Amino acid sequence: MTFATATFYVFAAILVFAALRVITTRNPVHAALWLVLCFFTAAGIWLLLRAEFLAIALVLVYVGAVMVLFLFVVMMLDVNFDSLRKNFRSYVPVGATVGVLVLIEMALVVFGSSVGGEVAPPAPEGSNTRALGRLIYVDYVYPFEIAAVVLLVAIIAAIALTHRTRRETKHQDPALQVRARRKDRVRLLDLPVEKKE
């Protein structure tokens with residue numbers, strides 16, 4: 001078994017275990033930390049597959065943006081912060097475990113790339129990002145365009161479904177407002193004058 005294969009099996013085991021912990025833990029903050037570990041492990045697997053662009057995009061987009069959004073939503077929930085402050089030390093083992101596993105994974109990737117037990121396949125001309133762009137925008141341009149049109153149709157359908165007319169919706173008609181005349185809006189009443197005694 002080569003070093004790359006062993007590293008893949010280690011990453012896969014950590015990924016499966018962290019994914020199980022995401023759905024089995026009761027604390028939402030713990031679940032978010034395990035999900036961060038899932039994302040880092042998946043990025044490590046992408047690096048093993050020599051897809052650096054996808055690994056960096058996974059870390060930047062999901063860990064940097066989506067997890068911030070998840071934690072923001074968790075913090076916006078009605079959580080008893082006094083009980084969380086009491087049990088603050090209970091987060092240390094989970095956070096330390098996730099941090100140590102992430103460091104081990106990064107060390108394995110760096111060590112594997114520096115030692116290099118097997119011959120790497122020939123690298124594409126330029127960078128990985130350039131090769132990916134060439135594949136998407138040159139070789140598979142028609143499927144890419146079809147996918148873009150399908151996504152555009154889905155967005156338009158979602159907007160049309162949410163903005164359909166409802167019976168209880170109140171709206172104004174500008175044409176009727178412009179055609180309004182004083183005699184249509186103002187009614188003069190002739191009331192008798194009260195007599196003071």
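Mentor: Happy to; we'll go from the overall fold to a helix pair, some residues and a surface patch.
Mentor: This is a predicted model, where local features need pLDDT of at least 70, side-chain atom pairs count only at pLDDT 80 or more, and totals for chains, interfaces and linings use all residues. Residues are numbered from 1 along each chain as its sequence is written, and side-chain values use heavy atoms, with hydrogens and water left out.

Trainee: Good to know. How many helices and strands are there in the chain?
Mentor: There are 9 helices and 0 strands, counting DSSP runs of H or I with at least four residues as helices and of E with at least two as strands, numbered from the N terminus.

Trainee: And what share of the residues is buried?
Mentor: Of the 197 residues in the chain, 17% are buried. Buried means under 20% relative accessible area, exposed over 50%, and partly exposed in between, with a 1.4 Å probe and protein chains only.

Trainee: Let's move to helix packing. At what angle do α2 and α3 pack?
Mentor: About 175°, with the axes 8 Å apart; α2 covers residues 28-48. Axes are lines fitted to C-alpha atoms, for helices over the stretch in contact, and angles run from 0 to 180 degrees between N-to-C directions.

Trainee: So what do we call that arrangement of α2 and α3?
Mentor: Roughly antiparallel. Angles over 145 degrees get that label, while under 35 is roughly parallel, 65 to 115 roughly perpendicular and the rest oblique.

Trainee: Which residues make the contact?
Mentor: Among them are Val29, Leu35, Phe39 and Trp46 of α2, and Leu58, Tyr62, Phe70 and Val74 of α3. Contact means heavy atoms within 4.5 Å.

Trainee: Staying in α2, is Leu37 buried or exposed?
Mentor: Leu37, in helix α2, is buried, with a relative accessible area of 0%. Leaving aside residues up to four places away in sequence, Leu37 touches Ile14, Ala18, Val98, Leu101, Val102 and Glu105. The C-alpha atoms of Leu37 and Val98 are 6.1 Å apart, though 61 residues separate them along the chain.

Trainee: And what about Thr41?
Mentor: Thr41 also lies in helix α2 and counts as buried, at 0% relative accessibility. Beyond four places in sequence, Thr41 touches Phe11, Ile14, Leu15 and Glu105.

Trainee: Where does Arg50 sit?
Mentor: Arg50 is in the loop between α2 and α3. Its phi is positive, about 60°, although Arg50 is not a glycine. With 43% relative accessibility, Arg50 counts as partly exposed.

Trainee: Last topic: which residues form the nonpolar patch on the surface?
Mentor: Leu69, Phe70, Phe72, Val73, Met76 and Leu77, with about 620 Å² of accessible area together. Leu77 is in the loop between α3 (52-76) and α4 (81-86), and is partly exposed at 48% relative accessible area.

Terms used. Patches are made of residues with over 30% relative accessible area and no salt bridge: like charges are joined within 9 Å, nonpolar side chains (Val, Leu, Ile, Met, Phe, Trp, Tyr) within 5 Å. Accessible areas come from the Shrake-Rupley method with a 1.4 Å probe; for residues, only the protein chains shown count as cover. A salt bridge is a side-chain nitrogen of Lys or Arg within 4 Å of a carboxyl oxygen of Asp or Glu.
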